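I opened the model today to look up its nonpolar cores and one of its helices. My notes follow in the order I checked things.

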Amino acid sequence: MFLWNYTDSANNYPGWMAASLKTAHAYEKGPWLAGRLREWVRAYCKDRRDLPMNIYGTWNSSKLEDEDFAQELLLHLQGIGKYVRAMDIVEYLDQAEVKSRLKLTKTISLATAQRWMKHVGYRWSKTPTGQFVDGHERVDVVDYRQGVFLPIWAELLSRTRVYATDGNECPIQSESEGTRKVVIWNHDESTYYANDRRKIRWVHNSETAIPHAKGEGASLMVADIISPDYGWLRSPDGTESAQVLFKAGKAREGYFTCEDIIKQASKAMDILERHYPDEDHVIAFDNASTHLKRADDALSARHMPKFSPRGGDKWDGTNWGDGRRPTNWGVEVNVVDENGKAVHGTDGMPSKKKVPMGDGKFADGSPQSLYYPEGHKRAGVFKGMGVILEERGYEGALKIRAECPKFQCKKGATHCCCRRMLYNEPDFVGVKSQLELACEARGFRAIFFPKFHCELNFIEQCWGYSKRIYRKLPASSKEVDLEQNVLQSLDSVPLLAIRRFSTRSLRFMDAYRKGLDGKQAAWASKKYRGHRTLPETIMRDLTDAGLVSNIH
């Protein structure tokens, strides 16, 4: 504009000085800008590449543009730990040494610190969560996983079908070619709530808060069985199902007990026998106390006394005596009605009674009664751990103490106390649950997942898939609608997804088989998704990822 004014014939070619002043006046500036214009034009005439630079805004550049300082700040925040604050940046920059080095006269504001948190990679959000680790690497849990569960599963896998990522069966030749196929059915329970709906969505700025139901609302528990071969356990025509819907709660249908699990397992075995007789079937259950419940009179040395009760001479076959002067020892169990439900007393607590403990077994398999036989002066009275052990060939057992302090025996000790000695007896160790016995009586096999290992039971992901669909269905407080929505969402889980979830659980098993712990297995499963097994280079991959230090 300055050059245009200088060469404008309509203004009679004003002089150099007048043209610069006129241009500065057009921008509401004075002689200072006019002088700068003349200086810039002279420099441009000498070198056409010498253009003036607009420095507007450059005095507001952020300190975070210095990559070294940004890295320094990030390291400081990481050193604080998990729960960092934006105020930590304010306090860090308020240190005299830091202000002097960065040439600051004062620290930054909290609002600026919050913007800086985003710049270095932080976001205000919930902590990302993965699989549960409570007890996951506990010694007894790992021992069961590595020494019992994984070998059993590996044995079964040699006869099961294998599926590719597209859901189609892989034509794999195996040593068991020509033998009956094994189908593994996974069992689990999950609860759906009426008010469980999506909480995150795109919300228009015109929407306002509306009243909503308080609490989770009515609940419906679902117990079901699934396999990667057939999906949910149903008859081919869909008329028979192993699914159980249960309204849990003291004021509703009570609680899902071991007896309910056995009834469901019996129903499932009926379907398998009628409609899938050409395969061998294994049912895998969670390692829950409800599933592992033993018979009321099952062998257990936990509360056995070392000696026969002193008041045993007064035993009349019914009166067990009181706590201080017992006439006999037995197992305390719940009183049940004709329907198998617990009977409650006036105080609301389950009524109790005592029953004799079942027989043990000698090394040769013959039965050993834990109570004195007919004809003995203490007929029907508990013998005590000392006598039981001496009958099994442990001489001097009556002189061994009943129990180590708090039953915390020294590692590796086997004969330190009577209770430990009985604990190690084969018939005490090999006591099976009621669920196992019920399945074996029908010719089926029951196995149990390790505790705290939900990643191995792929039905957990099937629940998650169905609940994602369930949350999109119309909300209703009616129990009829709740049941309908639950059934619709469960039927919406495709067989392809079920097989992919099964493949994921197999990756975890292979990871544990290769010696990885929970954290490493989760990393490897995510990295090699789509694979049923992990590559032989997994150890090198873990080393490169910095996760090798925790390998067993």
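I began with the largest nonpolar core, which has 25 residues in this predicted model. Leu233, Phe285 and Leu435 have the most contacts inside this core. At least two residues each come from β1 (182–193), β2 (219–227), α9 (258–275), β5 (280–285), α14 (434–441) and β10 (445–448). The top contributor is α9, with eight residues.

Next I picked Leu435. What is Leu435 in contact with, leaving aside its neighbours within four places in sequence? I listed Ile261, Ile262, Ala265, Phe285, His291 and Phe448.

I also found a second core, separate, of 24 residues. Ala284, Ile447, Leu506 and Tyr512 are among its residues. I noted the general background: nonpolar side chains tend to be buried together in soluble globular proteins.

Then I turned to helix α18, residues 518–527. Which residues of α18 are buried? I found Gly518, Gln520, Ala521, Ala524 and Ser525. These lie on the same side of α18, because they cover an arc of only 155° around the axis. I checked the face turned away from that buried side: the exposed residues Lys519 and Lys526 are there.

What do the buried residues of α18 pack against? I noted α17 (495–513) and α19 (538–544).

Last, I looked at the start of α18. A side-chain oxygen of Asp517 comes to within 3.3 Å of the backbone nitrogen of Lys519. Lys519 is also one of the exposed residues I had listed for the outward face of α18, away from its buried side.

Conventions: Residues are numbered from 1 along each chain as its sequence is written. This is a predicted model: local features need pLDDT of at least 70, side-chain atom pairs count only at pLDDT 80 or more; totals for chains, interfaces and linings use all residues. Side-chain values use heavy atoms; hydrogens and water are left out. Buried means under 20% relative accessible area, exposed over 50%, partly exposed in between (1.4 Å probe, protein chains only). Helices (H or I, at least four residues) and strands (E, at least two) are DSSP runs, numbered from the N terminus. The arc is that of the directions from the helix axis to the C-beta atoms. Contact means heavy atoms within 4.5 Å. A polar contact is a pair of N or O atoms within 3.5 Å; within protein, one must be able to donate a hydrogen and the other to accept it, and residues adjacent in sequence count only if both atoms are side-chain atoms. A nonpolar core is a set of buried Ala, Val, Leu, Ile, Met, Phe, Trp, Tyr and Cys residues joined through side-chain atoms within 4.5 Å.
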